[in-house]
Amino acid sequence: MIGAALYLARRSLANAMRRRLARLRQPKYLIGFAVGLAYYYWMFLRPRGQSGVGGVPGSAEGIAILGLAALIAMGWLFGSSRSPLVFTPAETHFLFTAPLTRRQVLNFKLLRSQLALCLSSLLSVLLFSGGHFPATRVLRVLGLWLVFAALQMHSGVTALVRQSLEEHGVTALRRRLGALVVVAGIAGVAALTLRAQLPSLAAAFGEDTASGFDALAALLHRGALGVFTWPLAALVRPALAPDLAAFAARLPAALLVVALHYAWLVRSSVAFEEVAVESAERMATRIAAWRSGRRPPPPAGAAQRARRPLTRLASTGSPLRAIAWKNVQAEWRGSGVRLPVLIAIGVLVVAWVASLGKAAGTGLQVVALVLLVVGAMTAVFGPYALRNDLRSDLQLWDQLKTYPLRGADLVAGEVLGPVTILTGVAWGCLVCAFVVSLTFDVPGFPISKRVAVLLAAAIATPVLLGIATLIQNAAVLFFPAWISVGPNRAAGMEMLGQRLVTMVGSQLLLAIALVPALIVGAVAISIAGVAGVVGVWLAVPGAAGLAVTLGFEGMLAVTWLGRVFERSDPAAEVGG
C-alpha cells in the first residue's frame, strides 16, 4: 500500500511538472514564470548580509507555543466541517471500492499530502534564512514538517468532530459554545497561573521584549498550565534545536505528539468514508457547473444554515443596487463575523504585549496605531483581496450577457459591492482609532486636528478604493487570460509571476489616475488657503478636490468599460 501511494505521488508530481513545463510555450505563462522565479530568488535565495545561522533565541519557543495555541483555538471556534484530507472523485471511486481498510485509505491520503507539507516547511525556512542554508537548516525543515503534519491531522480531527455534531443535530451556535467553554476554561487556568507572576512578567517586558518572552516561556511550563502546553512545546522544540544532538533529544516527544494525533484521527467515531464521498460529489458538481458556465448549487441543508442577509433587497429599484447587494451578501455569507473577530483579538493581543514594555507606550496608543495600520492595509490591498466582482463572475459571462442591463450599470454594480465592504472596514478602523485617540494626548496634535484628518481620510477613501477596484475589473475585460477567475485561485510560480505583473501594472495605472486628482486637490488647497483655512484643515478641501476628480474619472471609466463589456467575450480567452 505504501509503495503504491509513493508511486502514485511520484507519477502525479512528474505529470504535473510536465504539464507546467509544456504550457511555458505560451508567452503569458513564460513571462509569469520568469517574474515568479526572480521574485523567489529575491525573497528566499538572495544573500542578505547577516547569515542568520546563529542559535534561535529562547523567546522563540514561547512565541511558537502561543501561536500554535491561537491556531488551534481558532480552528475549534471558527473552523468548518470540511476536512483538509479531501478526496477527489477519482480517489473515492477507486479507493473506497478497493479491498482496503479504513486505516490504509487514511495512510494513503496522509502520505500523498506529505510532499506539499515538506515543500511548505522548506519555503518557510528559506524565507528567514537570509540566503544561507547550512546543514543545520535541514533539522529545522524536518522539525517544521512535524509541526505541519500534526496541525494537518488536528484540523482533520476538528473537521470530523464538527461533522459528527452536525449529523447529530447540534447547531453551529452550540458547537461553538462548547469550544468556547473549553477555551475559556484553559484561559482561566492560564490566568490563575500567571496572576501571581504578572508583576515579574511586566518587569521582564519592561527591560526588553526578548526578556519578556523568555519569562513568558518559562511561565508556560509551570503548574497546571504546563500540562496544557507540554504537547505544544514538545512539537515545536525540534524545529528550534540548535544542533543535531539537541534535535535527537527532542525528537521522541514530538513524534509521540504526532503519533497521538494519528491515533486520534484513525479512531475517530465519524464515518469519514461517507464524508469523503459527499465532499467528492460536491467537488465534481462544482467543477461541472463552473465548466458549463453555471454557478454551483448550494450543498444540501445550506438553506437552513445560511446567514440572514444584512439588508433586504426591495422588489423594485436600481439594477445597479441589486448587483452590488448580491456581491455584498456573497462576501457576508462567505466570511461573516469571523474576520472582524480575528482582527479584534489580534489588536487586543498586540496592545497588551506592547503595553508591557517601558518604551512602547500605553496599550490604547498601540490599539489606535494598529487600527490605522489595518485601515491603511484595507485601502491598499483590499481591492486585490476582495474578488466578489467581475473577477468572480467571469465564468458566468453568458448569463451576465442575458441580463437586460446596460453594460455601464452592470460594471458599476459589480464594482460597487466590494467598494462598499472595503469602505465600511476602512471607515470603521478610522472612527475607532479616532475614538481611542480621545483617551490620550498627542503633543502638537489636538483633537481639532484629528477631526480634520479623520474627515479628509473619510472623504478620500471611497474614491481611491473605487478607482483601484475599477482597474482590477478593467484587467478582467482587457486581459482575462492573466486574471485568476472563479472562487479558487490557481497556484504555481508562473501564476505568482502573473499576479506580480498585473499588480505592478495596476499600481502604475492608479498613479496615472492620481496625477490630475492631486493637481485639482492642490488647487483646492490653495483656494482654501486664500479663503482663510489654515493648518491641517487644508487637507479637507484637498481631499474633496481629489475625490471629485477621481469620481469623475471613475464615471468615465465605468461608461467606457460598459461599452467594452457589451462588445467583448473575455470568457472565450480564459481557457487558453
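The model is predicted, so local features need a pLDDT of at least 70 and side-chain atom pairs count only at pLDDT 80 or more, while totals for chains, interfaces and linings use all residues. Residues are numbered from 1 along each chain as its sequence is written, and side-chain values use heavy atoms, with hydrogens and water left out.

The protein chain has a mean pLDDT (the predictor's confidence in each residue, from 0 to 100) of 76, with 67% of its residues at 70 or more. Over residues 51–55 the pLDDT is below 50, and this stretch has 7 contacts (heavy atoms within 4.5 Å) beyond near neighbours in sequence. Residues 299–304 also stay under 50, and for them the model has 2 contacts beyond four places in sequence. Where pLDDT is low, the predicted coordinates should not be read in detail.

Helix α10 (residues 223–236) packs against helix α11 (residues 244–266) at an angle of about 120°, their axes lying 7 Å apart.

Elsewhere, the loop between α16 (363–385) and α17 (390–393) holds Asn-388, which counts as buried (under 20% relative accessible area, with a 1.4 Å probe and protein chains only) because its relative accessibility is 17%. Leaving aside residues up to four places away in sequence, Asn-388 touches Asn-327, Ala-330, Glu-331, Glu-414 and Pro-418.

Technical notes: Axes fitted to C-alpha atoms, helices over the stretch in contact; angles between N-to-C directions. Helix = DSSP H or I, 4+ residues; strand = E, 2+ residues; numbered from the N terminus. Buried < 20%, exposed > 50% of the residue type's maximum accessible area, 1.4 Å probe, protein only.
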